[in-house]
Amino acid sequence: MSKIPALIAARNAPRVGETVSALADTAWPIVIPNGCTDDTAEIAERAGATIVDCDVEGKTPALQAGIQFLGEAALHEPFMMVDADTVPVFRSRFVDAMGAARSRLDPDKPALLVGPLRYIRGASFTSDLARTVILARRQFRSQFDPNAGRFGGNSMLLDINGNEALLDAILGLGNLWPCEDEAIKDAVVSHGGNTLKVMDVRALATTDCRSAVGFFERLKIGAAAASAAWERSYADDAPEGSVPYVLRRGLA
């Protein structure tokens, strides 16, 4: 493949066109709409995405459908997973920056690289600057530690590196929501792979992700109250039959 695939699970995602347009020059955007009641698929297709159908509602099944669409390439070539509300800041450098970070990990093992700190849309520059410094410190400390709390992100690069057992494990994950990214990370680690929290500013992306906002709210109302609010906000959007992976790991 000339461009790295970017799997984008999309459920009523009004920003998906912006996400696809930002990736189209350097990646192959593949949008998997599921559970949509709007024109997400049409918006994504007009922006230049390849559309892959998924009948099962949920982000995990959508990503799995995207991996199955890639076929043998998913086993042997890296691919990205990008949230439908995530837009790279440095569009021409985003994919290369994520790919370059792969060289920091053992090339003979599977690897998962998680995109860096996020600029949260809708907040003031001064507020976000403070948030960025706080989050950067936390992420730098846990950069190579797969057990350092929530390691998930809005953009990820996965290299299964020929490990069929890992591929089967990821395709066998249940319908998880939220923290399906944590489940993928845990699968990589349990199959001998490495993880890395990328700190390259060229891989920075904007997002409307409420979980990032929730992290900063902990500073104001405490971890327990913030976690409860975070879970409630995601429960409102949870696909029917999905399981919150964060609760299964006891990290709430």
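The largest cavity is lined by L7, K59, L63, M81, V82, D83, G153, N154, S155, M156, E180 and D181. The structure is a predicted model, in which local features need pLDDT of at least 70 and side-chain atom pairs count only at pLDDT 80 or more, while totals for chains, interfaces and linings use all residues. Residues are numbered from 1 along each chain as its sequence is written, and side-chain values use heavy atoms, with hydrogens and water left out.

A cavity is here a set of points, on a 1 Å grid over the protein atoms alone, where a 1.4 Å probe fits but cannot get out, and lining residues have an atom within 4 Å of a point. Grid points are joined across faces, edges and corners, and a volume is the space filled by probe spheres set on the points. Two cavities of 30 Å³ or more were found, and the largest holds about 60 Å³. At least two residues of its lining come from each of α3 (59–70), β4 (79–82), β8 (155–159) and α8 (180–190); helices (H or I, at least four residues) and strands (E, at least two) are DSSP runs numbered from the N terminus. The lining comprises five nonpolar, three polar and four charged residues (nonpolar: Ala, Val, Leu, Ile, Met, Phe, Trp, Tyr, Cys and Pro; charged: Asp, Glu, Lys and Arg; polar: the others, Gly among them).

Positive phi values occur at N12, near 50°, and at N161, about 60°; neither residue is a glycine. N12 lies in the loop between β1 (4–10) and α1 (16–23), and N161 in the loop between β8 and α7 (164–171). With a relative accessibility of 32%, N12 is partly exposed (between buried, under 20% relative accessible area, and exposed, over 50%, with a 1.4 Å probe and protein chains only). N161 is likewise partly exposed, at 28%.

Conventions:
On a 1 Å grid over the protein atoms alone, a cavity is a set of points where a 1.4 Å probe fits but cannot get out, and a pocket is an open set with protein on both sides within 12 Å along at least five of seven lines; lining residues have an atom within 4 Å of a point.
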